[in-house]
Amino acid sequence: MNRFAGLIDRVGYEPRRNAKIRLLADYFRTTPDPERGFALAALTGALTFRHAKPGIIRGLAMERTDPVLFRLSRDYVGDTSETIALIWRAPDPRPPHAEAAAAGSPRSTADDGASFEASLREAPQDEDAGGRAAIGHNHPPADGPLLSEVVEGLTHAGKAELPALIASWLDALDETGRWALLKLITGELRIGVSARLAKTAVASLGEGIAPDDVEQVWHGLAPPYLDLFAWVEGRGERPESIDPAPFRPPMLAHPVEDEDFAKLDAADFRAEWKWDGIRLQAVAGRDGDGETVRRIYSRTGEDVSAAFPDLVEALDFDGALDGELLIVREGRVESFNVLQQRLNRKTVTPKMLTEFPAHLRVYDLLVLDGEDLRERPYDERRRLLEDLVARLGEPRIDLSPQIPFASWDDLAAARADPASAGAGPDADAIEGCMLKRADSPYLPGRPKGPWWKWKRDPYLVDAVMMYAQRGSGKRSSFYSDYTFGCWRDGESGPELVPVGKAYFGFTDAELLKLDRFVRNHTTQRFGPVREVAYGPDRGLVLEVAFEGIQRSARHKSGVAMRFPRINRIRWDKPAGEADRLDALERILSKGETEMHPTGGAGP
Amino acid sequence: MASRAADLLTLTPQGLYCPAGDFHVDPLRPVERALVTHGHSDHARFGHGHVMATRETLAIMAIRYGEDFARSTQEAVLGEVVRVGDVTVTFVPAGHVLGSAQIVIEQGGHGSSCRLVVSGDYKRGRDPTCLPYEPVACDVFITEATFGLPVFRHPDVRDEVAKLLQSVRLFPERAHIVGAYALGKAQRVMALLREAGYDEPIWLHGAMERLTDYYRSEGIALGETPKVAAADRASLKGAIVICPPSSIQDVWARRFPDPVTAFASGWMRVRARARQKGVELPLVISDHCDWDDLCRSILETQAEEVWVTHGQEDALVHWCRSRGIRAKPLHLLGYGDEEAGEADEALADATPAEAEA
């Protein structure tokens with residue numbers, strides 16, 4: 001448990017992806033079975049405990065802590081779980097202090113000044129004397145609980161026995177160990193490690209094993225993954241996947257650049273709309289007992305079935321579909337803003353199911369009736385997909401239409417105006433086109449060549465920098481997060497109102513210049529934030545690119561941008577000539593056709 | 001007793017003042033006569049008329065402020081009872097940094113005496129670079145409460161140093177930049193690294209150099225500690241570099257090979273504090289008492305009354321009262337983590353280019 005705690009503690013502070021993989025791999029390499037397997041389970045979210053809930057720990061902590069001290073501590077730390085982890089004390093935590101015993105009674109200066117030297121020599125260093133052995137004070141006994149014991153206990157212990165069991169572990173663990181235990185019980189590590197990253201670290205233990213190879217076998221495996229580790233370490237066979245509805249790593253596309261078109265023949269490609277939804281994989285199959293298993297996976301392989309019961313029940317086939325989650329109401333695809341209201345909910349209410357009905361718009365077929373189709377060419381898979389969708393006759397699952405085109409110019413026109421090119425009122429939910437080679441097999445990952453995405457051009461607005469904040473990680477000494485505003489009519493003339501915040505899109509060299517601008521034009525400081533000089537005749541204009549805009553009550557301007565980034569720094573442009581808020585509101589009210597720059601990046 | 005103690009030591013705008021001896025302890029502004037517990041800049045300030053402190057503290061003040069930091073100075077010998085006006089004072093080791101001392105102030109003879117201990121900053125944890133704290137029996141114990149909440153329990157420093165060394169082993173191509181206060185913490189980290197068997201050079205930011213040289217001249221073994229030259233930085237793969245806390249997020253630190261940002265401080269116990277500073281490798285190494293040691297120290301003094309100068313006063317006062325010990329917060333402003341304030345200010349004011357100089 002302590003090693004696992006040390007791992008998630010260290011990884012949680014580490015911002016770099018590769019360093020995280022190294023830390024995880026180092027742990028897996030040096031930790032024996034089954035401990036590492038349970039750690040992998042925790043990292044991939046494969047552990048759930050029925051009775052163990054945070055409330056138990058809170059109750060235990062309150063039994064042992066002075067309420068005033070707990071409140072003051074909680075206020076200071078700002079996190080209840082962490083406060084409990086830090087404040088927890090085992091009964092009789094420090095043995096009578098050896099130092100006090102050795103030094104006798106406290107020193108009395110007036111009586112005896114001369115014994116100072118002697119007492120100095122005799123006084124042992126504190127922590128050597130007593131602190132090091134003290135239970136609960138970062139030096140748990142060597143027989144503190146193993147992660148496997150903890151997982152076992154949390155899984156099988158009854159409701160009544162859990163509090164005492166958890167208390168005994170808390171007593172035996174140090175601060176970090178207790179924190180890790182709390183994380184396990186709350187079920188969310190939140191240390192910036194995805195299931196995919198953990199599997200990548202496992203793959204790195206082996207020779208020539210790719211993360212996708214681990215992904216392929218993953219769903220047939222269960223903690224503590226002895227067969228998986230044996231395989232990657234070359235001690236065992238590749239595990240056979242026995243899951244009837246496994247996740248298969250999706251095929252991803254590269255963005256296409258203008259110059260790529262010269263090398264691509266339009267006749268080799270098929271085109272589809274790029275839907276602005278959530279990529280999903282819907283899988284159904286029969287297990288050994290003939291029971292149908294249906295699952296919905298996110299792009300990264302998380303099982304998200306529980307969030308979409310309305311979609312799961314519609315999976316009446318034996319196979320694996322690749323498609324996009326959309327909200328469709330009265331035959332019309334809603335925008336991403338609407339979809340967002342259905343996402344990130346822990347529980348799905350009947351009301352939500354009616355108001356935001358989930359819809360799967362499919363574009364590929366990976367497996368059908370037990371046969372893996374991924375090696376077959378796109379056109380053939382597409383034909384089988386069309387047949388399947390027609391046979392299903394399920395209103396919640398439909399086909400992502402292909403866009404007819406003969407040349408890249410045709411497609412550019414369709415991309416510029418999807419509504420007139422067949423998408424009709426669904427055009428709001430389209431963020432560009434997908435190009436797929438007619439002969440392309442379905443390859444996991446992001447192979448270069450077979451699939452391309454051709455996103456519509458971003459919206460652009462010229463805004464004025466108003467505030468800057470220091471960044472984090474590698475940019476921590478630089479002012480790298482910028483809040484920018486557009487003009488509107490205020491009570492005393494034109495005024496800037498913040499419309500968004502962006503922290504990327506510029507090069508390192510540009511960052512140095514932006515940072516210098518901020519430091520040299522600071523007008524006010526608010527902690528880590530600086531206000532810079534701005535006004536009709538002073539200030540820096542930033543050309544901001546963004547993907548969309550929505551109304552927002554949280555923002556003073558009433559609008560919020562999607563995916564804003566700095567497209568260009570307009571050192572040349574007077575701040576007074578930056579865009580007005582009206583420009584953003586026009587995008588909101590009239591859609592993209594009027595405001596959207598079209599044709600600029602055509603082939 | 002309480003009223004007598006309150007007469008013996010009063011609170012003035014300059015800080016704690018003893019009328020019977022006509023001196024201040026750790027005054028926050030220039031005064032005529034100052035008794036100084038230790039060399040950190042929030043306790044040892046420039047410009048007093050007369051300063052009494054340990055030999056080491058006087059030397060540290062001279063290094064930081066120049067030889068003329070006060071009109072005159074007087075060395076306090078540890079354990080020696082010295083009469084000042086109508087009181088006697090005694091300096092006793094506090095275990096905080098080299099030369100740090102508690103100051104015992106006593107008035108009256110046997111039977112009717114009153115003894116106060118101004119502990120200054122102190123700690124009980126292991127530190128190879130200074131004399132350990134000694135408990136002194138007293139009537140009134142005046143303590144800080146920097147880490148005066150039960151969430152603060154400092155781990156064994158050896159484990160923290162092991163954490164650093166393990167990271168160095170795992171990332172041999174990256175430099176480890178360790179933020180540590182220039183006086184005390186930096187040298188303690190060096191000494192602990194040596195104790196752990198680390199015998200590579202420990203590289204120092206220029207701001208560390210003079211105080212580290214002074215520690216060495218006092219016979220504290222720190223091994224080889226070269227100063228980092230600007231041109232060296234890119235080549236220091238796998239090195240441990242110690243710099244002031246304000247420099248860990250500086251452009252100065254970015255020039256090292258893929259730096260790992262570490263910070264040695266008791267504040268690192270709280271994740272949010274580490275995150276705010278952008279620290280990737282928090283090392284919980286403190287030169288202050290943790291909660292348990294504050295409580296234990298109070299009990300060991302057998303004091304009837306406790307005054308809390310600064311830090312998390314409310315919790316410690318609450319604890320004392322729940323034990324039947326009279327306690328009051330002094331709400332002394334101006335003391336705090338050594339250099340924290342000035343460092344943040346310096347960072348805010350320095351442009352990357354300036355900070356690099």
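Trainee: What share of the 357 residues of chain B counts as buried?

Mentor: In this predicted model, 66% of them do. Buried means under 20% relative accessible area, with exposed over 50% and partly exposed in between (1.4 Å probe, protein chains only). Local features need pLDDT of at least 70, side-chain atom pairs count only at pLDDT 80 or more, and totals for chains, interfaces and linings use all residues. Side-chain values use heavy atoms, leaving out hydrogens and water, residues are numbered from 1 along each chain as written, and chains are lettered from A and ligands numbered from 1 in written order.

Trainee: Why is a set of residues called a nonpolar core?

Mentor: Because its members are buried Ala, Val, Leu, Ile, Met, Phe, Trp, Tyr and Cys residues, joined through side-chain atoms within 4.5 Å. The largest one has 123 residues; A:Phe4, A:Phe28 and A:Leu228 are among those touching the most other members. Its largest share, seven residues, comes from helix 2 (residues 17-30) of chain A. A second, separate core of 35 residues includes B:Ala180 and B:Ile285.

Trainee: Which residues is A:Leu228 in contact with, leaving aside neighbours within four places in sequence?

Mentor: Contact means heavy atoms within 4.5 Å. A:Leu228 has such partners including A:Leu40, A:Val202, A:Trp218 and A:Pro239.

Note on methods
Helix = DSSP H or I, 4+ residues; strand = E, 2+ residues; numbered from the N terminus.
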